[in-house]
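Subject: The two-chain model, and what was found in it

Hello,

I am passing on the structure that we talked about, so please open it beside this message and read the two together.

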Amino acid sequence: MFDFKVLTQWIDQSLRALNLPDFGVLVIELVLVGIALLAAYAILAIILIWFERKICAWFQCRLGPNRVGIFGLLQTFADTIKILLKELIPINNNDKILFYLAPFIVILSSMLSFGALPFGKGLQAIDFNIGIFYMMAVSSLGVLGVLLAGWSSNNKFSMIGAMRSGAQMVSYELSVGLSLLTMVIFAGSMQLSQIVNQQADLWFIFKGHVPALIAFLVYLIAGHAETSRGPFDLPEAESELTAGYHTEYSGIQFGFYYLAEYLNMFIIAAIATTVFLGGWQPLHIPGLDGFNHVMDYIPTPVWFLGKAFFCIFLSLWVRWTFPRLRIDQLLHLEWKYLLPLNLLNILFMALIVIFKWHF
Amino acid sequence: MELKEKILKRLPDAGFEDAQYPTVTVEPDKLHELASMLCREEGYDFLVSLTGVDWGDSLGVVYHLARSGNPLDMIVLKTATADKEHPQLFSVTDLWETANLNEREAYGLLGINFINHPDMRRLFLNEKWKGFPLRKDYDASPENNPLSIESEPFSDKLRSLSFTTQGDIIEKEKELFGKEEYVVNIGPQHPSTHGVLHFRVSLDGELIRKVDPNLGYIHRGIEKMCESMTYPQMLHLTDRLDYLSAHINRHALCSCIEKAVEIEVSERVEYIRTMMDELQRIASHLLGWSAMCMDMGALTAFIYGMRDREKIIDIFQDTCGARLIMNYNVIGGVMYDLHPDFQKKVKEFIPYMRKIMKEYHQIFTGNVIADERMKSIGILSKEQAVSYGVTGPSGRASGFSCDVRKHRPYAAYGKIKFNEVLREEGDTFARYMVRLDEILESLNILEQLVDHIPEGPYQAKTKPIIRIPEGEYFQSVEAARGLFGVYICSKGDKSPYRLKFRSPGLSLVSIVDLISRNEKIADLIAIGGSLDYVVPDIDR
């Protein structure tokens, strides 16, 4: 397995070789990491949009984008340029500051969690010892942006959308948190790098018995709801609220919400990958050394992205199959089914860890 | 006639005519008495159509009444008031709820005030509109009503006229929405109203407290336009009413005219018209199903439905040369003979559609989310359906047996076997299922006809200018959304004196407030999808 530490340390050493002060090196490295992450963020979003269009077209017996570039690969690039050139239409009688601030909060929260993801071996910008906790904390900031957008637009549809969003996020945050907590109990650590390293021999979803499987399913459902897509897209609910909380946004401000939506989908899938599916660890089966050795030759970022895209595919599958839930059904699902199940599951997991029933 | 004697006993000066349907003429002050006798004692509980007419020296209203057991055994009531300055008639909204919007329409277009009507706002036109378009002395010059570029506020004042105990008429005003109510505009530009329909919805959180439909965004005055057109010319306007049942609407007008001038159409034409009607019905129900699924958030189902509808549209294109507005029926027949591929394509389509219907049920009907969102939501009882004049799939979902094809078979419907799809629940799910089951029933009808199209001329020879003999004619057919009726009042001219289209859409819109109260916003959208109204059909 190629360790990306080799690359990052080489950059660090060559910078220090220029006789810069420590502080200067740090600043340059921070800027480099920032640029790399922003570029990855934008490119991933563009790929995801293309991926969703193709998958959705496949489900709907259509072709999807196929005119710009081979397989329509350049379509999303063209669309991105278009949305950048669009006019930002100013709205009268709204709260200007909050209105302009809201999309930044949304994109900031998704950027913050994106930055802490372990993309490959040695390919992690910052490795907190409370990684999982940090992820949950920053990703739930996004709802603030949504609420502000709904409030500051001075539009009744936006307001209803934002209120729905508030209720939904607060509820499903619980299930996301509790299902991750189940795995934290199992792993005994909140540090993402440690969690990934523990899965070198076998992924947690196989190691952790039934509770890990239950936690994975609950996490997928709740995480999908967190992204406000698919059957859980009540805050936008195109056919009810026209576009929900971002009705009044245009141009790149709308683009920010769009971008954040896709990246949130990726972040949810990436956390699922890290916590349940072994992160960047290749597929290892105890006992099959030849097979394990071959798997090691596939680069770790490929493993990570592959697993994340598999989770995204699951979420797209759900999105393009089910009709939208109603607000009461949505809350029933969380408070009457997922939350009790989750609490029992934690207890179950704790027992398994205490009595060492796991593999 | 027994009924005639009963009426004469109660109202000795009522006039009787034996036209196409038995017709009773009464003085305005006796109308309500007669109407309530017919409604409450004789079982005429279904007001098929209410038409305001300007008779020249008087303004009047024509009521077509029927019994819900047999929607086409009709009796016609007529009344008129000579006072053209302040015409006042009695409202019948207390007997038939469907009169509410219809009387507002008559008020808006003819200026007839209805006493005891709860809400005298002008339907289709705004309050500032000068003149009453359907009156014969209406000045249609553009200077009279210049195009306004200012946005005009809606009138929220519900005006009602009623008698005091002393016998004077007093006017009362009531505000539609209270100051503290949270009113949201759903429409006129909204993805789920299927056109420029405008609901003002008063919300309490997610719950709906009141819905006020605001109609007329695409009111084109088709009925007024018909008064200055010859009969073959006005055929083209019917396709623009409910554009999803273009064939069926046109069929109604053609057969009304054919009956009036006694043109015999060949059996081949009857078969072609029946088959086209059924194909049109399938296409319309498919679109209705697709749009409803999309309204509930299942976009994939929408694409599936549109894909299969395309096959029918292709069949239309072969024969009619057009895909949406077909202009196919003409007086005395159809425009062109069938395309040589027609039978082959229809025969391919029938088994394909039957197979694909199972897929539809798999993708949407059995889904737990869809079931939860449709069952026991938006319940319309049978009595309400009859009173509000809700026909078609929506009426039959409430158990109102109102299929014109069954009760008074026209074209080739008398020669074939088919079932009227009826359900009892009256909720959104029942309306949804009736629509899907009717597709299967239509396929059965097509199967029985497609191999037996008789030879014969596809068009009867008609004169270039058709004059309908003096009299009144009413013809109804079963359009995709319900009973579509054409009322022609002719004075022997080459164009009608008054023409009225009884649209199924208006009654569908009138029940939205009734059945979506205390449901949630998402349910309003689902209910709208299940009613499947088409806006040009409502506004005319």
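Predicted model: local features only at pLDDT ≥ 70, side-chain atom pairs only at ≥ 80, totals over all residues.

Residues are numbered from 1 along each chain as its sequence is written, chains are lettered from A and ligands numbered from 1 in the order in which they are written, and side-chain values use heavy atoms, with hydrogens and water left out.

The two chains

Chain A has 15 helices and zero strands, where helices (H or I, at least four residues) and strands (E, at least two) are DSSP runs numbered from the N terminus. The radius of gyration of chain A, taken over C-alpha atoms, is 21 Å, close to the 21 Å that the globule rule (2.2 Å times the number of residues to the power 0.38) gives for 359 residues, so chain A is as compact as a globular protein of that length. Its C-alpha atoms fill a box of roughly 65 × 60 × 45 Å along the principal axes.

Chain B, by contrast in its make-up, holds 18 helices and 17 strands. Its radius of gyration is 23 Å, close to the 24 Å that the globule rule gives for 540 residues, so chain B too is as compact as a globular protein of its length. The C-alpha trace of chain B spans about 70 × 60 × 50 Å along its principal axes.

The two domains of chain B

Chain B is assigned domain 1 (1–136) and domain 2 (222–539), with bounds that come from an automatic or database domain assignment. Their contact (heavy atoms within 4.5 Å) takes 35 residues from domain 1 of chain B and 30 residues from domain 2 of chain B. Between them the two domains bury about 2,900 Å², 58% of it on carbon and sulfur atoms; buried area is the accessible area (1.4 Å probe) that two parts lose on being put together, summed over both.

There are three salt bridges between these domains, a salt bridge being a side-chain nitrogen of Lys or Arg within 4 Å of a carboxyl oxygen of Asp or Glu. The side chains of B:Lys136 and B:Glu227 form a salt bridge, with 3.0 Å from N to O. On the side of domain 1 of chain B that touches domain 2 of chain B, strand E3 (46–54) of chain B is among the elements that give two or more residues, and E3(B) gives the most, with eight residues.

The interface of the chains

How many residues of chain B are in contact with chain A? The count is 32 residues of chain B, which are in contact with 24 residues of chain A. The area buried between chain B and chain A is about 2,500 Å², of which carbon and sulfur atoms give 59%, and B:Tyr182, B:Glu206 and B:Ile369 supply 20% of the area that chain B buries against chain A, more than any other three residues.

Three salt bridges are found across this interface. A:Asp328 forms a salt bridge with B:Lys520, where the closest N and O atoms are 3.8 Å apart. Among the elements that each supply at least two residues of the side of chain B that touches chain A are strand E10 (182–186) and helix H7 (267–295) of chain B.

Best wishes
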